[in-house]
Amino acid sequence: MPDKHATLEAVSDEALARQIAGGPPGSTDAEEGELYRRFAPRVRLYGRRHLQDAAAADDLAQEVLLLTIERLHAGEVRRPEEIASFILGTSRMMAQGERRVSRRREALAARFMDTTIEVAPLSIASLDADRVAACLSALVERDRLVVELTFYADREAPRIAEALGVTPGAVRTIRHRAMARLRDCVLGGARS
Amino acid sequence: MNPPGCERIGLAELIDYAAREPEETQAAAFEEHLFSCADCGARAAEFDALVRAIGPAIRSGKVGGFVTDDILNQLAREGIRVRTFTLSPGAVVPCAVWEDDELIAMRLRADLGGASEFTMSQRVAGTEVLRATGQAQTAATSRGELIYTLSASWVRQLAAVDIEVLLSAHEGGEERPIGSYTLVHGGSFHR
């Protein structure tokens with residue numbers, strides 16, 4: 001019998017949306033999980049940029065996907081072939097209004113926390129803090145500092161540039177180089 | 001429809017987007033493509049996982065090095081226990097590391113002058129165990145202070161021993177010592 005998760009990975013976004021919309025709530029957990037796996041990282045990235053807060057971005061991803069699934073079940077997504085646009089539009093709406101409702105968050109957590117859905121490719125989803133810490137420590141000092149200031153302290157290039165006495169353009173160049181090295185180091189360790 | 005093997009959004013574009021580099025109009029076009037392209041979405045998922053792993057790694061206290069007050073402030077906001085030592089050149093201070101400390105921050109004061117780089121050498125019982133070179137930071141230079149962090153768990157596992165820290169500045173192609181500091185480590189403390 002084929003693995004249902006593996007089968008769903010080959011299904012288009014539109015077909016996935018139609019399967020969720022066509023099934024009664026409670027009967028499409030695998031499809032909902034697949035939709036979450038596909039889109040939550042994109043919504044989280046959207047939230048990281050627009051909400052400027054990693055925790056708020058996490059919340060946004062959960063709320064947007066829960067609302068999307070609710071709307072699909074209710075037959076309120078009129079064009080399932082445009083499910084990606086629906087999710088992006090919902091992300092924009094919820095981020096602008098900052099309508100993060102704890103009830104939705106709790107409901108989604110209850111739904112997904114007991115599943116084993118991977119939200120990223122296995123090679124990177126299995127990262128542990130020790131490995132990433134070792135790779136961060138292996139970066140040269142300035143590169144590591146730019147990564148930490150950008151993605152941990154959430155500082156923008158002009159402020160980092162001021163702190164380090166370089167131009168914002170140099171910060172961008174350093175960030176590209178540092179993140180590429182960090183990714184290669186982390187993935188190298190994950191594959192070994 | 002997604003083009004097969006689409007590579008329109010790569011690591012560089014994802015980094016810039018997350019770092020809020022592009023203008024809003026460019027960002028909106030980026031988002032339209034990101035949400036409709038499975039290939040780019042998969043790369044975004046990998047990038048998202050990498051970025052999300054940075055915070056836990058830093059919070060683990062295992063990433064040492066030169067930092068700024070912005071980093072220390074974020075650690076404090078997240079409840080990380082940072083033990084701070086403010087050290088002037090020649091200082092010899094007891095190094096009290098408690099069992100629940102997660103990070104040691106050394107504020108190394110010195111005449112930083114117009115140096116472009118600094119090297120911190122750390123010796124335990126006379127043997128160099130760590131050497132790190134960092135570039136000058138505008139804020140640090142104006143304050144006459146560099147901040148270096150160490151893993152508290154690493155310090156805790158040391159026997160009672162002196163930890164010597166030597167700071168030197170690189171200026172005009174030459175390296176000159178600008179500070180020597182000693183932490184007298186008496187072992188781990190328990191509450």
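Author: A quick word on terms: helices (H or I, at least four residues) and strands (E, at least two) are DSSP runs, numbered from the N terminus. This is a predicted model, in which local features need pLDDT of at least 70 and side-chain atom pairs count only at pLDDT 80 or more, while totals for chains, interfaces and linings use all residues. Residues are numbered from 1 along each chain as its sequence is written, and chains are lettered from A and ligands numbered from 1 in the order in which they are written.

Let's zoom in on B:Ile9, which sits in the segment before helix 1 of chain B. B:Ile9 has 19 other C-beta atoms within 10 Å, so it is partly exposed (buried means 20 or more such atoms within 10 Å, exposed means 12 or fewer, and partly exposed is in between, with C-beta atoms placed from the backbone). Look at how the chain folds back here: B:His33 is 24 residues away from B:Ile9 in sequence, yet their C-alpha atoms are 8.4 Å apart in space. If you skip the neighbours within four places in sequence, B:Ile9 is in contact with B:Leu14, B:Phe30, B:His33, B:Leu34, B:Cys40, B:Arg43 and B:Ala44 (contact means C-beta atoms, placed from the backbone, within 7 Å).

B:Arg20 isn't a glycine, but it has a positive phi of about 60°. B:Arg20 counts as partly exposed because 17 other C-beta atoms lie within 10 Å. You'll find A:Asp154 in the loop between helix 9 (141-151) and helix 10 (157-164) of chain A. With 15 other C-beta atoms within 10 Å, A:Asp154 is partly exposed.

Now zoom out on chain B. It splits into domain 1 (11-58) and domain 2 (62-189), with bounds that come from an automatic or database domain assignment. The C-alpha centres of these two domains of chain B are 34 Å apart.

What about the partner chain? Here 46 residues of chain B touch 51 residues of chain A. On the chain B side, at least two residues each come from several elements, including helix 1 (11-18), helix 2 (24-36), strand 1 (65-67) and strand 6 (127-135). Helix 3 of chain B gives the most, at 14 residues. Sorted by class, that side of chain B has 26 nonpolar, 13 polar and seven charged residues (Ala, Val, Leu, Ile, Met, Phe, Trp, Tyr, Cys and Pro are nonpolar, Asp, Glu, Lys and Arg charged, and the others, Gly among them, polar).

Finally, hop over to chain A for some helix packing. In helix 2 (residues 13-22) of chain A, the buried residues are A:Asp13, A:Leu16, A:Ala17, A:Gln19 and A:Ile20. A:Ala17, A:Ile20 and A:Ala21 of helix 2 of chain A meet A:Ile69, A:Leu72 and A:His73 of helix 4 of chain A. That contact has five nonpolar residues, one polar and no charged ones.

Methods. Two residues are in contact if their C-beta atoms, placed from the backbone, lie within 7 Å.
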